[in-house]
Amino acid sequence: MYTQFQIPYTFTALEPHIDAQTMETHYTKHHAAYTKNLNDAALKAGVADREIGALLASLSSIPDEALRTAIRNNGGGFYNHNLYFDTLSPNGGGQPQGAFGSVMDKAFGSFSAFQDEISRLAMGRFGSGWAWLSVDRDHNLALSSTANQDNPLMESKGFKPIFGIDVWEHAYYLKYQNRRADYLRALFNVVSWQKVAENYDKIVSGLRAA
Ligand code: MN
């Protein structure tokens with residue numbers, strides 16, 4: 001069974017950047033529904049004991065097409081939002097520091113170049129989807145974008161996501177309406193680069209299998 005990530009901050013904590021109503025709806029309705037629907041489908045498919053990252057990286061092993069699609073959409077929604085909420089914090093913002101800051105600078109030239117590039121991917125994603133910062137097979141940082149609730153684990157490229165930007169309208173429409181660029185600018189005020197750095201360290205040190 002899969003358990004929804006417990007947010008260690010209140011729904012109002014990311015105000016004014018992310019409003020409380022968006023946070024509450026996003027977490028208690030959207031994310032909760034992905035989690036429930038994942039569990040329902042995974043139980044039927046007999047895969048509810050699989051580690052979620054490993055499951056999403058091997059969707060083709062699920063023979064039933066309807067269950068495979070349900071697990072792709074809801075398992076993606078479950079995993080993606082666990083990562084999203086875990087990398088946001090009222091104490092976030094600023095730039096990555098220390099060793100991970102150096103890794104970012106080496107990969108992208110500067111933090112602001114990284115911010116421009118991932119924002120360009122997030123703006124360019126037509127309709128619903130995500131923009132991603134991942135670690136590739138060689139432990140380099142890589143940017144990408146996926147549609148719907150897909151994520152880099154599903155693409156068999158060996159990318160492991162460490163930070164994702166949700167660009168579904170449900171992530172910003174109540175406060176920003178159609179102004180996705182305003183949401184992206186605001187979001188960077190509440191990204192915990194410490195958490196992203198921890199995710200990076202776990203992958204590079206081999207502690208996280210998927
Ligand atoms: Mn979402």
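Hi everyone, I'll talk about the manganese site and then some salt bridges.

A quick word on the model: it is predicted, so local features need pLDDT of at least 70 and side-chain atom pairs count only at pLDDT 80 or more, while totals for chains, interfaces and linings use all residues. Residues are numbered from 1 along each chain as its sequence is written, and side-chain values use heavy atoms, with hydrogens and water left out.

Let's start with the metal. Which residues coordinate the manganese ion? They are His26 (NE2), His81 (NE2), Asp166 (OD) and His170 (NE2), at 1.9 to 2.1 Å. Donors here are N, O and S atoms within 2.8 Å of the metal (3.2 Å for Na, K and Ca), and as water is not among the atoms, sites may look incomplete. Along the chain, the spacing reads H-x54-H-x84-D-x3-H. Histidine 26 sits in helix H1 (residues 20–45) and aspartate 166 in strand E3 (residues 160–166), 140 residues apart. Helices (H or I, at least four residues) and strands (E, at least two) are DSSP runs, numbered from the N terminus. Both histidine 26 and aspartate 166 are buried, meaning under 20% relative accessible area, with exposed over 50% and partly exposed in between (1.4 Å probe, protein chains only).

Now the salt bridges: the whole structure has 8, each a side-chain nitrogen of Lys or Arg within 4 Å of a carboxyl oxygen of Asp or Glu. Lysine 195 pairs with aspartate 86 at 3.5 Å, linking helix H8 (residues 193–204) to helix H3 (residues 65–86). Lysine 195 is partly exposed at 28%, whereas aspartate 86 is buried at 19%. Lysine 195 also meets glutamate 198 at 3.7 Å, N to O, and shared partners join Asp86, Lys195 and Glu198 into one network.
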